[in-house]
Each structure stands twice: as structure tokens, then as C-alpha cells.
Amino acid sequence: MHASPSPMRFARSGPLTGAARVPGDKSISHRALMLSALAVGESRVEGLLEGEDVLATAAAMRAMGATIERGADGAWTIAGMGVGGLLQPQQALDMGNSGTSTRLLMGLVASHPITATFNGDASLSRRPMNRVIEPLVLMGADVTASPGGRLPLMLRGLCPAVPIAYRLPVASAQVKSAVLLAGLNTPGITRVIEPVPTRDHSERMLAGFGAELTVELVDGERHIRIRGEAELKPQQIVVPGDPSSAAFPIVAATIVPGSAITIENVGINPTRAGLYEVLRMMGAEIAFSNPREVGGEPVADITACFSTLSGIDVPPDLAPSMIDEYPVLFVAAAFAQGRTVMRGLEELRVKESDRIATMAEGLRAIGARVEELPDGLIVEGTGGEPLPGSATVASKLDHRIAMSFAVTGLNCVEPVTVDDMAPVATSFPGFADLLAGLGVGQTDGD
């Protein structure tokens, strides 16, 4: 998809100061489009992330019959078709780089009487889909995938599908969401048992749209039940800023001397806020202000200042609440005092890239001391001193890797070149402009 690489150089920066807003939450944006398309009537979504991943979801929902339009005021309107109303797409659905779009839409299609072929770019086509295929086949879907359970794949839905009770073998909000979305058009009760809590945007939004959904704790596990053949009601949705995107300027502020920034209107859902908890454990000065609730999601403004960080053993049980933020946490650890141990991260091996190996390789190239583990990294920090830098690092078509190394370059003696910043458009269009607005570019030298 990213045929023309876009290299960019990031040099040692003066302090980051001021206030900014990050794009809308990617997880919530995907779900807002999908559920609005299944409601009866017209929904309105403000603050939608207009990155490539979310636009792939919009295009797929249009291909299956939804009317989705962006107004001149930046708000999106979606005329829904009702649960069960998805139409046969006339061509393959191009998912680009979006694993979330792919897995959630597979869930939707699984309980509709249609067949869809899912394609993706080179990075997405390396990512296994078996964890989603397994429960959907139990519900009656027929899936023909490429070797290893990868894209391209063809999914033939079954209507009526078979309600199941499915215990998640791995902590995955995407698998949970795929099963719940398939359950929307399945007679009876579909159950998901979640031994380890993951982000709960699907549950919050399904309930908000009027689905009959319950969540209860049984012997420490979350039992989620959804009644199928639901009638969803249209909604007015305001998407908060994405906490995974806010992580990059916030970590930048903690490692660049003299910095003090505020990122406004950020989602602080407890199932997504693990990074801020860990940074505070390391000694970061991070404060939440103006807390409020928007569309069922907790939101606040986050202020971060340059901080003296100390290495810690990161509790592995926090991994599901910050899995996408680990690449930039590796960066924070590289500037901490002492050793930071991060384990329980096997999931990072099957993201847009192998994020453990890719971050370890790049950090070593710019002078950090890291030890790669099968399930994580050990990072020996500089105690706040700049890293040497002076290298070109590979993003491996991974937006979060690219942004993490951009942040690293802001506190390196010599500039760091990221070989391709184009993938950043999948989740954070305007990333470089936001950094510039906070003062990046006022370098202390080349």
C-alpha cells in the first residue's frame, strides 16, 4: 500500500510546550461506523479518526450497503440498514493495514447470508487470523484462508448463525468484539468469557446503541452475554482523542528536558490507560484534569512534564491495557535510570510488525542497551542522558514503530532517520505537524 517510502529525520529538540489535540480514538471510530451502519435510522459521528484504517472500515461498510458521508463541518452521517441488512459486496474488501477492520468485519459478515473476500497490504497479509476464524467457524461461518490463516481470505456467513459460549484463549479485544458482532444477528444468547479483561469499547457502544448486553464477573472472569436479532437505535457520537496516539507526545515530553505539554480531550478508559499508570510508577509527572464522560467513555486532559524516570519491572497483567503503547514505553525505558523489564508481550510478535524484534533492532542501532526476550524486552536506560542516535531505523510498515523512533530522535546526540513515515497515516495523520506545533524543530543542533 505504501509504495513510495517517506523517510523523515528527527533531531534533538528544545522543550516541547503548549497544548494540542490528537486525532479521534481509532478503536471507537471503527465501532462507531459499524454499529451506526447496523442501526435503523441516521447516526452522526463527530471527531471520527480520518486515518487510513478507519477509512477502510467506512469503505467496506459502504460496499455492504451503508450510506456514509462526511459533512462540510467534519461530522459524519451514517444511514443504517438494520441488523441483518448487510448486502453482498460486489468486490473484495480492501482492509489496507487495518487488523481491527478485518477481524471485526469478519464477525459482522459471519452471521449474514453473504460472502466477502478480505484483502490487505503486505504487512496485514502476514498477520494470522486464526484466532478469529476459530469462533466464527463454530458459529457456522465457512472460511477459506491463505496458508497460516492469513489474508487474502474468503468468509461465507451463515444465517441464522449458531449462538456459542466462547472462552477467549488469549486476551484479545478484537476476537471478543468479532464474536459479539456476529452475535448481533444470531438468534438467542451469544456468550464470551474473558479470563483477562481487555478494552471494553465494544460492550460500552453496543449497550449505547440499544443492544441487550450484560457483563458480570464470575470467579474473576468477565462473562459477556448479548441477545441476537437486535434492533439498534441511531446515535449521536463524539469520539474522544485516542490514548494510543496521545502516548507519543506524552512520552516525548517526559524525556525532553524542560518540556511541559497538555493533550486535551483524551479517552482515559481504564482498559486503555495502563501506559499512564506505568509511567507514573517510573516517576513521570503526569496529571489528569477536567475529567468528564462523553458518549459513555471517560475523557480528560492530560498534562506531562519532563521527568526523572526510574527503571521498574512492569507488571505483566497491565499488558492488555497498554499493548499498543509498548513500543513507545520501550523508548521511555531507554532514558530511565537503571533497568526496565517488560514481559508477557507475546502479542507484540503478531502486530503490524514483530514489534519486539523491530524495536530491539532499532534501539540498538541508535545506541540503546536492550536484551530481547521471547515475550518482551529488558532495557538499560541512560539515566536521562541523550542516546547517540546517528542511524536510519526501519519502521517495517508499522505506524507505531515509526512514531516511537521519531520520539526517540528528539533526545539523541545525532539525528535519527525513520526510513518510512508513510504508515503513520493509518492512525495519526498530522503527527509531524502536531510535534512541530509543540516546538519540535527548535533543535539544539544537527
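On a 1 Å grid over the protein atoms alone, a pocket is an open set of points with protein on both sides within 12 Å along at least five of seven lines, a cavity is a set of points where a 1.4 Å probe fits but cannot get out, and lining residues have an atom within 4 Å of a point. Grid points are joined across faces, edges and corners, and a volume is the space filled by probe spheres set on the points.

The model is predicted, so local features need pLDDT of at least 70 and side-chain atom pairs count only at pLDDT 80 or more, while totals for chains, interfaces and linings use all residues. Residues are numbered from 1 along each chain as its sequence is written, and side-chain values use heavy atoms, with hydrogens and water left out.

**Exercise 1.** Describe the largest pocket by its volume and its lining.

*Solution.* Begin with the volume, which is about 600 Å³ for the largest pocket. Next, turn to the 36 residues that line this pocket, of which A171, S172, I323, E347 and K351 are the closest to its centre. Finally, sort the lining by class, where Ala, Val, Leu, Ile, Met, Phe, Trp, Tyr, Cys and Pro count as nonpolar, Asp, Glu, Lys and Arg as charged, and the others, Gly among them, as polar; the result for the largest pocket is 10 nonpolar, 10 polar and 16 charged residues.

**Exercise 2.** Describe the largest cavity and the residues that line it.

*Solution.* A search of the whole structure for cavities of 30 Å³ or more finds one, and the volume of the largest cavity is about 40 Å³. Its lining includes D25, H201, P243, R272 and E297, and by class the lining divides into four nonpolar, four polar and three charged residues.

**Exercise 3.** Work out how helix 7 and helix 8 lie against each other.

*Solution.* Helices here are DSSP runs (H or I, at least four residues) numbered from the N terminus, and axes are lines fitted to C-alpha atoms over the stretch in contact, with angles from 0 to 180 degrees between N-to-C directions. The axes of helix 7 (residues 243–255) and helix 8 (residues 274–281) come within 10 Å and cross at roughly 25°. That makes helix 7 roughly parallel to helix 8, a label given to angles under 35 degrees. In contact (heavy atoms within 4.5 Å), P243, A246, A247, I250 and V251 of helix 7 meet L275, Y276 and L279 of helix 8. The residues of this contact are eight nonpolar, no polar and no charged.

Conventions
Helices (H or I, at least four residues) and strands (E, at least two) are DSSP runs, numbered from the N terminus. Angles under 35 degrees count as roughly parallel, over 145 as roughly antiparallel, 65 to 115 as roughly perpendicular and the rest as oblique.
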